[in-house]
Each structure stands twice: as C-alpha cells, then as structure tokens.
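Below is a short briefing on one protein model, written for reading beside the sequence and the coordinates. The points are grouped by topic.

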Amino acid sequence: MLKLENVSKSWKEFKLSNISLEMDKNYCILLGPSGAGKSVIIQCITGIIKPDSGKIYFNGEDITNLPPERRNFGYVPQNYALFPNMSVYKNIAYGMKIRGRSKLEIDKKVLDISEFLGITRILNRKPLTLSGGEQQRTAIARALVLDPKILLLDEPTAALDTSIKENVISELKKIGEIVPVVHITHDFVEARTLGNQIAILINGELNDFGDSEIFKTPKNEKIAKFLGYNLVKIENKNYAVAPEETVVKRPNEVQNPIEQHYFGKVESIVDFGYYRKLNVKIDEYSVKCITKGTNNLKIGEDVKVFYKRKISLN
Ligand SMILES: Nc1ncnc2c1ncn2[C@@H]1O[C@H](COP(=O)(O)OP(=O)(O)OP(=O)(O)O)[C@@H](O)[C@H]1O
C-alpha cells in the first residue's frame with residue numbers, strides 16, 4: 001500500500017534519516033516521543049513537505065513528486081484546522097463544494113458520514129462551541145467525505161480527556177475498517193490497541209517496525225527506555241524489565257530463599273488505588289515496580305525485588 005524508501009529530510013536542528021518502511025495493513029501507527037519526526041513523516045506522505053531524498057510509493061506508484069491535491073489522501077492535523085466561521089456542516093462539505101460536487105451529492109455524503117461518526121446533531125454549530133471530541137469527529141468527517149485513499153491522523157487523541165479517549169479509540173478502529181489509516185501517537189496503549197503495524201521512531205530514526213510483539217521484546221536499550229522498561233545490569237549483561245513484571249516483598253515475606261532476588265529500599269510511591277507504582281533503589285538503579293493496591297509498603301522500607309521476566313539486550 002504505502003512504501004517509504006530511504007526518505008530523509010534535514011533542517012539545521014533536525015534530521016529525519018533514511019526512513020524505509022512498507023505499510024500494508026489497515027491500521028498503521030507511527031509511535032515516538034515528542035520531536036521524533038512523526039509529523040514530518042506524515043507531512044512527507046501528504047506531500048506538504050518534500051523529502052530531500054528518498055521515494056514514496058502508493059500502491060506501487062511513485063508519488064514522491066505528486067502535488068498534495070492529486071494524492072487524494074485525507075489529513076487531519078493535530079489542531080484539526082477547522083474553519084471557525086463556518087458551521088460543522090459547511091466545514092465537512094467544504095472539500096466537496098470546491099470540487100464542484102452537486103448539492104444533492106454533498107447533502108447525502110455529509111449526512112451519511114455524520115451519522116457514521118455520530119455528529120448529526122451538531123451540524124449547525126460552529127467549531128468554537130464544540131468539545132474536543134466533537135471537533136475531532138468534524139475534522140475526520142471533513143477528510144472522509146472526499147473518499148480518501150488513506151487517512152492520516154496526527155495525534156488524534158492528544159486534545160481529548162481520558163474519559164472519552166477509550167470511546168474515540170474504538171471509533172478509530174471502526175474507521176480503520178473502511179479506509180486504511182496511518183496514525184501518529186506517543187501513547188503506547190493507543191498504539192498497542194489500534195496498530196496492526198507499528199513503527200517506533202526516536203530522534204528522526206526508525207528504531208523498530210512490526211506488530212504488537214515489538215512491545216513485548218524491545219530490540220535495544222533505546223526502545224526499551226522509551227517503552228518504559230527498567231534497564232538493569234546483571235552479571236555484566238544488560239536487561240530490560242517491565243515494571244509489571246517485578247515482585248516486591250518485605251524480606252520476611254519471602255518464602256523461597258533460593259529464588260533470585262535483589263535487595264533494595266523503597267524510594268517513592270504513587271498510589272493509584274487498585275495498583276501502586278514504586279521506585280525501588282537497588283544498587284545504583286532506581287527500579288520502577290508495579291504492585292497491587294493492597295500492598296502497604298512505606299517509603300524507606302527495605303525490600304526484596306524479583307524479576308518475573310528479564311529481556312536480554314545484548
Ligand atoms: N519546517 C521546519 N523547519 C525546521 N524544523 C522543522 C520543520 N518542521 C519540523 N521541524 C523540526 O523537526 C523535528 C520533528 O518535528 P515533528 O513535528 O515531526 O515531531 P513529532 O514527532 O511529530 O513530535 P510531537 O509529538 O511533539 O508532535 C522538530 O525538532 C521540529 O522542530
């Protein structure tokens with residue numbers, strides 16, 4: 001479907017280096033920390049930014065030099081870029097209108113897509129009166145009415161609060177069934193829930209590309225660190241340990257003394273109710289651990305920490 005071949009772009013302070021990837025599944029995620037170059041890639045795909053070198057293909061056709069308006073890709077930027085003086089209906093209809101489509105066709109399409117996205121009741125409102133989720137759906141509807149070959153979403157959930165994020169994620173999944181989607185995010189949960197293919201981008205470089213397995217077995221230290229793993233050294237070898245795969249016990253609670261464990265001291269605790277995040281100082285490391293909410297350890301207590309799984313990074 002969409003293929004990037006050695007795509008590079010550099011400015012004085014930032015370099016996107018030789019990005020090669022082939023997205024052929026219906027929901028592809030570009031995952032990376034802020035400033036990794038995710039938006040630059042998506043804008044290269046739309047044609048807004050021209051790469052310094054490299055090629056971009058869509059369904060086998062070289063589109064590197066094709067102007068954006070001839071690609072027919074739907075693009076929803078991070079701030080949605082809605083026209084503030086137009087109603088939701090007019091925002092959605094805009095692209096069809098300037099393409100000279102008939103009033104009948106526009107009406108039908110706007111209503112169909114609005115129904116699909118659940119926004120028919122806000123069609124007469126202006127964007128500034130809408131919630132973040134409603135603005136986002138309007139922006140997606142505006143892209144979808146043009147029957148794009150692909151939908152490019154730049155951090156579509158960034159402006160939404162956690163309570164509606166889950167609904168939006170399942171709606172995005174539904175959209176991915178009608179049109180291929182490339183979606184930018186720095187949120188692992190979103191990436192894992194939605195992505196059939198995930199590219200991890202750090203500092204302008206592609207660090208990994210694959211299915212959700214890439215979260216379970218990080219390939220190198222940089223990825224492990226970005227994905228929130230602990231990096232620990234045991235007998236001179238480097239390992240990644242997920243906070244969820246640690247067990248923290250008081251020394252007198254340990255039943256099996258031959259199990260491999262590490263002595264530490266609780267440095268900090270954040271209580272989330274049904275679970276707690278602990279930082280435990282073990283030698284020079286501060287190891288992030290997740291425990292049940294019922295655990296009543298206190299800051300400063302001596303503990304033993306077990307690693308249920310360690311991933312070798314050597
Ligand atoms: N037109 C430009 N001129 C100079 N630098 C640019 C330009 N566009 C982007 N950059 C730089 O490229 C780098 C990557 O930016 P980009 O917006 O792609 O990051 P991102 O991964 O999408 O981050 P975020 O999650 O914060 O949006 C940044 O340092 C940015 O300042």
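Two residues are in contact if their C-beta atoms, placed from the backbone, lie within 7 Å. By that rule, Val-88, Asn-91, Ile-92, Tyr-94 and Gly-95 in α2 meet Thr-138, Ala-141 and Arg-142 in α4. This is a predicted model: local features need pLDDT of at least 70, side-chain atom pairs count only at pLDDT 80 or more, and totals for chains, interfaces and linings use all residues. Residues are numbered from 1 along each chain as its sequence is written. Helices (H or I, at least four residues) and strands (E, at least two) are DSSP runs, numbered from the N terminus.

**Helix packing**

- Axes are lines fitted to C-alpha atoms, for helices over the stretch in contact, and angles run from 0 to 180 degrees between N-to-C directions.
- Angles under 35 degrees count as roughly parallel, over 145 as roughly antiparallel, 65 to 115 as roughly perpendicular and the rest as oblique.
- A crossing is left-handed if the near helix is turned anticlockwise from the far one by less than a right angle, and right-handed if clockwise.
- Helices α2 and α4 pack at an angle of about 30 degrees with their axes 7 Å apart, which makes α2 roughly parallel to α4.
- The crossing of α2 and α4 is right-handed, and the residues of this contact divide into four nonpolar, three polar and one charged.
- For these classes, Ala, Val, Leu, Ile, Met, Phe, Trp, Tyr, Cys and Pro count as nonpolar, Asp, Glu, Lys and Arg as charged, and the others, Gly among them, as polar.
- The axes of α2 (residues 88–98) and α3 (residues 103–117) come within 10 Å and cross at roughly 130 degrees, so the two helices are oblique to each other.
- In the contact of α2 with α3, the α2 side consists of Tyr-89, Ile-92, Ala-93, Met-96 and Lys-97, and the α3 side of Ile-106, Lys-109, Val-110, Ile-113 and Ser-114.
- By class, the contact of α2 with α3 has seven nonpolar, one polar and two charged residues.
- Helices α3 and α4 pack at about 140 degrees, with their axes 10 Å apart, and α3 is therefore oblique to α4.
- Ile-113, Ser-114 and Leu-117 of α3 make this contact with Arg-137, Ile-140, Ala-141 and Leu-144 of α4.

**Strands and sheet**

- Two strands pair if DSSP finds at least two bridges between them.
- An open sheet of six strands has the order β6-β7-β8-β3-β9-β10, with mixed pairing.
- Strands β6 (74–76) and β10 (205–210) are at the edges with a single partner strand each, so one side of each has no neighbour in the sheet.
- β6 runs parallel to β7 (residues 151–154), and three bridges join them; Tyr-75 stands opposite Leu-152 in β7.
- Helix α4 (residues 132–144) lies across β6 and β7 and runs at about 165 degrees to β6.
- β1 (residues 2–10) and β2 (residues 15–23) run antiparallel and are joined by six bridges; they form a hairpin with four residues between them.
- Lys-3 has Glu-22 as its bridge partner in β2.

**Ligand surroundings**

- A residue is near a molecule or strand if its C-beta atom, placed from the backbone, lies within 6 Å of it.
- The residues surrounding the ligand include Trp-11, Glu-13, Phe-14, Lys-38, Ser-39 and His-186.
- By class, the shell around the ligand has four nonpolar, six polar and two charged residues.
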